[in-house]
Amino acid sequence: MLQQAINATRAKVGQAPINADGVFGSGSIEAYKDLAADPKSRKLLLDHLADERRKLRPNSFGEAARADHFRIER
């Protein structure tokens with residue numbers, strides 16, 4: 001889920017994807033840290049994380065409202 005969100009964000013900002021192998025290693029951590037450092041890409045990353053979480057729990061009552069409530073930027 002995290003790697004998919006990272007790759008969706010990187011695609012939006014014109015960066016190459018990371019290897020989405022399911023292992024959140026040093027490459028994933030660096031990619032996350034780089035995206036989180038810039039306010040524009042941070043907002044995109046958080047939006048993509050919320051979207052990926054909703055995909056995992058599509059029928060969860062209140063998941064969309066919870067994700068929207070805890071966004072740091074709207």
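Analyst: Happy to! The chain exposes about 4,900 Å², and carbon and sulfur atoms supply 57% of that area. Accessible areas come from the Shrake-Rupley method with a 1.4 Å probe, and for residues only the protein chains shown count as cover. This is a predicted model, in which local features need pLDDT of at least 70 and side-chain atom pairs count only at pLDDT 80 or more, while totals for chains, interfaces and linings use all residues. Residues are numbered from 1 along each chain as its sequence is written, and side-chain values use heavy atoms, with hydrogens and water left out.

User: How many helices and strands does the chain have?

Analyst: The chain has four helices and zero strands, and its pattern along the sequence is α-α-α-α. Helices (H or I, at least four residues) and strands (E, at least two) are DSSP runs, numbered from the N terminus.

User: Why is E63 called buried?

Analyst: Buried means under 20% relative accessible area, exposed means over 50%, and partly exposed lies in between (1.4 Å probe, protein chains only). E63 has a relative accessible area of 4%, so it counts as buried. E63 sits in helix α4 (residues 63-69). Not counting residues up to four places away in sequence, E63 touches R53, R54 and R57; contact means heavy atoms within 4.5 Å. Across the chain, buried residues make up 27% of the 74 residues.

User: What about F24: where is it, and is it buried or partly exposed?

Analyst: F24 is in the loop between α1 (2-12) and α2 (26-37). Its relative accessible area is 37%, which means that F24 is partly exposed.

User: What makes M1, L2, F24, I29 and L56 a nonpolar patch?

Analyst: Patches are made of residues with over 30% relative accessible area and no salt bridge; nonpolar side chains (Val, Leu, Ile, Met, Phe, Trp, Tyr) are joined within 5 Å, and like charges within 9 Å. M1, L2, F24, I29 and L56 form such a patch on the surface, with about 450 Å² of accessible area together.

User: Which residues make up the largest nonpolar core?

Analyst: There are seven: A5, I6, I18, A31, L35, L45 and L49. Of the helices, α1, α2 and α3 each supply at least two residues of this core. The name applies to a set of buried Ala, Val, Leu, Ile, Met, Phe, Trp, Tyr and Cys residues joined through side-chain atoms within 4.5 Å. As for I18, its contacts beyond four places in sequence are Q3, I6, N7, R10, S28 and A31. In α1, the buried residues are Q3, A5, I6, N7, T9 and R10, and their cover includes α2 and α3.

User: What makes the meeting of K55 and E52 a salt bridge?

Analyst: A salt bridge is a side-chain nitrogen of Lys or Arg within 4 Å of a carboxyl oxygen of Asp or Glu. The closest N and O atoms of K55 and E52 are 3.1 Å apart, so the pair meets that cut-off. K55 and E52 are three residues apart in helix α3, so about one helical turn separates them. K55 is exposed because its relative accessible area is 59%, whereas E52 is buried at 15%. Leaving aside neighbours within four places in sequence, E52 is in contact with M1, Q4 and A5.

User: How many salt bridges does the structure hold?

Analyst: The structure holds four. Among them, K33 and E30 meet at 3.0 Å, N to O, and both lie in helix α2, three residues apart. K33 has 47% relative accessibility, so it counts as partly exposed, as does E30 at 39%. Another is between D51 and R54, at 3.9 Å, N to O, within helix α3. With a relative accessible area of 33%, D51 is partly exposed, and R54, at 25%, is partly exposed too.
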